[in-house]
Amino acid sequence: MCGIIGYTGTAPAVDILMQGLATLEYRGYDSAGVAVVTGNGNPRVRVVKRAGKLSNLREILDGTWLEGRTGVGHTRWATHGEPSDRNSHPHQDSDGDLAVIHNGIFENFAELKSELIADGHEFASDTDTEVIAHLIGRHSDGLARGPEALADAVRAALRRVEGAFAVAVVDRRSPDTIVASRREAPLVLGHLDGASLLSSDVAGLIRYTRDVEALLDDQVAILTPQGITITDLDGNRSEGHRYTVDWDVDVAEKQGYEHFMLKEIHEQPAALRETLLGRTRDGRIALDEQRLDDDDFCHLDKVYVVACGTSFHAGMVAKYALEHWARVPVEVEIASEFRYRDPILTPHTVVVAISQSGETADTLAAAAHARAQRAKVVAISNVVGSSLAREADAVLYTRAGPEIAVASTKAFTTQILALELLALFLAQLRRAMFPEEWQDQLQRMAALPELMEQVFGQESAIRQLAATVAHASYVMFVGRQVGLPIALEGALKLKEISYLHAEGFPAGEMKHGPIALIEQGGPVVALATAGHVRGKIVSNIQEVKARGATVIAIATEGDTEIKAHADHVIYVPEVHELLYPMLTVVPLQLLAYFIATELGCDVDQPRNLAKTVTVE
Ligand code: M6R
């Protein structure tokens, strides 16, 4: 959700904050703002903020003198209060001594707000965040000046709040200090000589340092130019999770592509190579982190896969691989539903939690629920040291590199590959496959990146096709077996970036209702690659064709017969049936991208969305 950044050091803070916000804008772009501690003799906190994208804030900052070497910045995805200037962060206390930025939701804010109003506090916004600013302000009154005093006030205020948050505070009475904390929302600290930084993610820090430390739940960090100290909520010294980042800043930049999404679509072959790198050790497939015994996997009786959005679609593909290769029963469930029912979980249940960011609130809560029931949690995440990875019993990283576009692409294909590796890992431990069988599958996987590169050969044909589809009133996607999650993913990609009405259906279900929606010429994209359901899907194509649909088929190279049924055909190279999803999704990603650009949409930052959904 929101992006937060903070800097204290010797350089002009506003430049570093704006640079960081540009990197974090994908997390939310309803409004943006900065607070800088200005003035030496008589420091004060100056706040500049604006509704709308970061460019609006940049415009006013261009004409504003905002000198200071300590500050915080925020880019918002609204939860409480409409996107407006007054609801933009940072928020201040009654006296304007301090400013707070916040990502998350304070669930008991209404109760705290009533208490503060009864105490005479007046509020300038409709946000939950302003409450914490007033609370910290109230706890600061009468305290000594300096970093420790500010940290005391923050700790006291945070002990009163419920919910998920990452917060950062600057105060004129402690001008070279930022105090920050988190609970169930990401916050990473950056260590460097003569300065300290914080950010919602590593991408906001990597320009300045690779020496980073993930703050853990209910820790409080005190940042000064001299360094960072961490305590718990009672003030006892503590430590975060410190590590060195191993990717470069240019990975998080556009490198000549018009949009991050197009760049990330093209990065997929390289990302798949990374996902596969060094996966066998001593003749065995290995996870990145395993705090479980092999026996835990050998004796498992059921796998639940939990995830949201695109990651959920990757989980749907995984079900086929886990059941087919590892011979284990699998249920795939939307994380926000799983957490509120009472699934039957035992110490022999493995819950595979998939999250690109590793910070999605619903997926984290589902994993926490599973662990509380003593089930084992395996995390599939793209972010090393993410909350999900830290909480899990075993981790497999997707290694896709930073994904900036809100619409997930390379995270998806690498998730599928990682999940299929997990299926082979389980198959091996449970002796569900002969060694030559899983080795054969690994070899097929190793060929995927090159085969995917061939799909890009049809990019200009897909662009032309997109121009003809862009003005349709809807687009339907149909598939069967592993084609079904790809139909759902194709529809999700299209709707989120083009706002075109798009739905995915199991092809066999069309005649049970959805076929009524078909209009003359209405586009239907059908996943019709080779395999045991190809004949079935051809029958389904004929059913929609007979009702006037224009059919775009995704088929296997060499299948010329499909041309008799479809109006347009996009070919992908032949692979094992379970590997098709990683190839067939690429034309659908490109189709969505070109339709969105044809319609003039903001591809990387679609309306109403945010990259990381850290609220429920
Ligand atoms: O970081 P996560 O994988 O947990 O995110 C889950 C969804 O929010 C995410 O996949 C979302 O659906 C994307 N915008 C889809 O493109």
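1. Helices (H or I, at least four residues) and strands (E, at least two) are taken here as DSSP runs, numbered from the N terminus. The model is predicted, so that local features need pLDDT of at least 70 and side-chain atom pairs count only at pLDDT 80 or more, while totals for chains, interfaces and linings use all residues. Residues are numbered from 1 along each chain as its sequence is written, and side-chain values use heavy atoms, with hydrogens and water left out.

2. On a 1 Å grid over the protein atoms alone, a pocket is an open set of points with protein on both sides within 12 Å along at least five of seven lines; a cavity is a set where a 1.4 Å probe fits but cannot get out; lining residues have an atom within 4 Å of a point. Points are joined across faces, edges and corners, and a volume is the space filled by probe spheres set on them.

3. The largest pocket holds about 890 Å³ of space. It is lined by 41 residues, of which W247, N382, V383, V384 and P402 are the closest to its centre. At least two lining residues come from each of β14 (241-244), α7 (268-276) and α12 (387-391), and α7 gives the most, with three. The lining comprises 19 nonpolar, ten polar and twelve charged residues (nonpolar: Ala, Val, Leu, Ile, Met, Phe, Trp, Tyr, Cys and Pro; charged: Asp, Glu, Lys and Arg; polar: the others, Gly among them).

4. For the second largest pocket the volume is about 540 Å³. Among its 27 lining residues, C308, G309, T310, K611 and V613 are the closest to the centre. The largest share of this lining, five residues, is supplied by α9. By class, eleven of the lining residues are nonpolar, twelve polar and four charged.

5. Two cavities of 30 Å³ or more are present. The largest cavity has about 140 Å³ of space, and the closest to its centre of 16 lining residues are R480, V482, G483, T529 and V533. Its lining draws most on α18, with three residues.

6. A nonpolar core is a set of buried (under 20% relative accessible area, 1.4 Å probe, protein chains only) Ala, Val, Leu, Ile, Met, Phe, Trp, Tyr and Cys residues joined through side-chain atoms within 4.5 Å. The largest such core has 99 residues, and F477 is one of those that touch the most other members. Beyond its neighbours within four places in sequence, F477 is in contact (heavy atoms within 4.5 Å) with residues including A487, L494, F505 and L588. A second, separate core of 27 residues includes L21, V36, L205 and A214.

Key. Buried < 20%, exposed > 50% of the residue type's maximum accessible area, 1.4 Å probe, protein only.
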